[in-house]
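Colleague: Could you take a close look at the charged side chains for me, and at the rings that some of them meet? I'd like one connected account that I can follow on screen.

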Amino acid sequence: MSFTVEERGNPNSLTYRLFFRKNTSIAPSVKRQFHLDGLRQPTNGKNAEGKYISPFHDIPMYADESQNIFNMVVEVPRWTNAKMEIATKDPLNPIKQDVKKGKLRYVANVFPHKGYIWNYGAIPQTWEDPAHKDGDTGCCGDNDPIDVCEIGSKVCSRGEVIKVKVLGILAMIDEGETDWKVIAINVEDPEANDFNNISDVKRLKPGYLEATVDWFRRYKVPDGKPENRFAFNDEFKDKDFAIQVIKSTHTFWKDLISQKTSAGELNCKNTCVSAGDSPYCCSADEAKATVGGTCPCGKEEPFPSSVDKWFYYEKK
């Protein structure tokens, strides 16, 4: 199973969207490019017959269930600042940039960090239920798919769907909500075989986990928010614990997509999962109309100069 993306709107603007297709075959001679924070990145060839899908609902959680290999949708490539995310409330859930007070959101460079320090994204077909109070954190879910920090050597492309090996998990408490952060590595990474649990990250990438806690603790401070907190005394839990958390969020998603749980403002329309009599079933024509109703891909807008600035403050 392969997936490709289609840009709509102007990159670095409020109109920008990245829609997903599922393809049964890839024509290697057909290439396209898309903008990535000022760079141009190649993607897979696009099959013209590919079906539009929701990256939230239609991409399987597992890439290989027997080996506990998961799919990850890359929302934010490493070193970039634009806070891109799966738009859970929009039809077909394209990736778009988060907006705050009418302006596009960029994470600040809190010294010594530059942008996101991993490839950042989400595991599809998962959902942190805001009505479920987690027994470990004492807080309810954040209403999003579960987040992933991919620590491999490759800088991935926005919208890339990669297969990852789960290594551990961090329990962040963000403004009173549970916001799990899965630590994983791309199975195609040259060093993937050396990483099988969170202890391997500590041993082979010393300082990376400490930097990860520091990043998540402080990244909202430049916006006037307090530092984030963590369960388990700021410690990472191991692979087995992480997989159980992911499975629980998959159960919450299944209840969501089968209408056992209220969706609230979430858009659960999908083209592959729900049966034809479900209100969440989206026909191919409806999906095409959804994409066609957005602005065509246009000229890239400039970045604000503040994206490259450092933010300094004394740690508490």
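Modeller: Happy to! A residue is called buried under 20% relative accessible area, exposed over 50% and partly exposed in between, using a 1.4 Å probe and protein chains only. By that scale lysine 181 is buried, with a relative accessible area of 1%. Please keep in mind that this is a predicted model, in which local features need pLDDT of at least 70, side-chain atom pairs count only at pLDDT 80 or more, and totals for chains, interfaces and linings use all residues. Residues are numbered from 1 along each chain as its sequence is written, and side-chain values use heavy atoms, with hydrogens and water left out.

The partner of lysine 181 is aspartate 179: they form a salt bridge (a side-chain nitrogen of Lys or Arg within 4 Å of a carboxyl oxygen of Asp or Glu), and their closest N and O atoms are 3.0 Å apart. Aspartate 179 counts as buried because its relative accessibility is 5%.

Another pair to find is aspartate 98 with arginine 105, a salt bridge whose closest N and O atoms lie 3.0 Å apart. Both ends are covered: aspartate 98 counts as buried at 18% relative accessibility, and arginine 105 counts as buried at 15%.

For a contrast, turn to lysine 89 and glutamate 265, which form a salt bridge with closest N and O atoms 3.0 Å apart. This pair links distant parts of the chain, 176 residues apart: lysine 89 is in the loop between strands S8 (84-86) and S9 (95-97), and glutamate 265 is in the loop between helices H3 (239-257) and H4 (284-292). Those labels are DSSP runs numbered from the N terminus, with helices (H or I) of at least four residues and strands (E) of at least two. Lysine 89 counts as partly exposed at 47% relative accessibility, while glutamate 265, at 61%, counts as exposed. In total, the model has 15 salt bridges.

Now for the rings. A charge sits over a ring if NZ of Lys or CZ of Arg is within 6 Å of the ring centre and within 35 degrees of the ring normal. Arginine 21 has its charged end over the ring of tyrosine 52, 4.0 Å from the centre of that ring. Lysine 237, in turn, lies over the face of phenylalanine 232, 4.7 Å from the ring centre.
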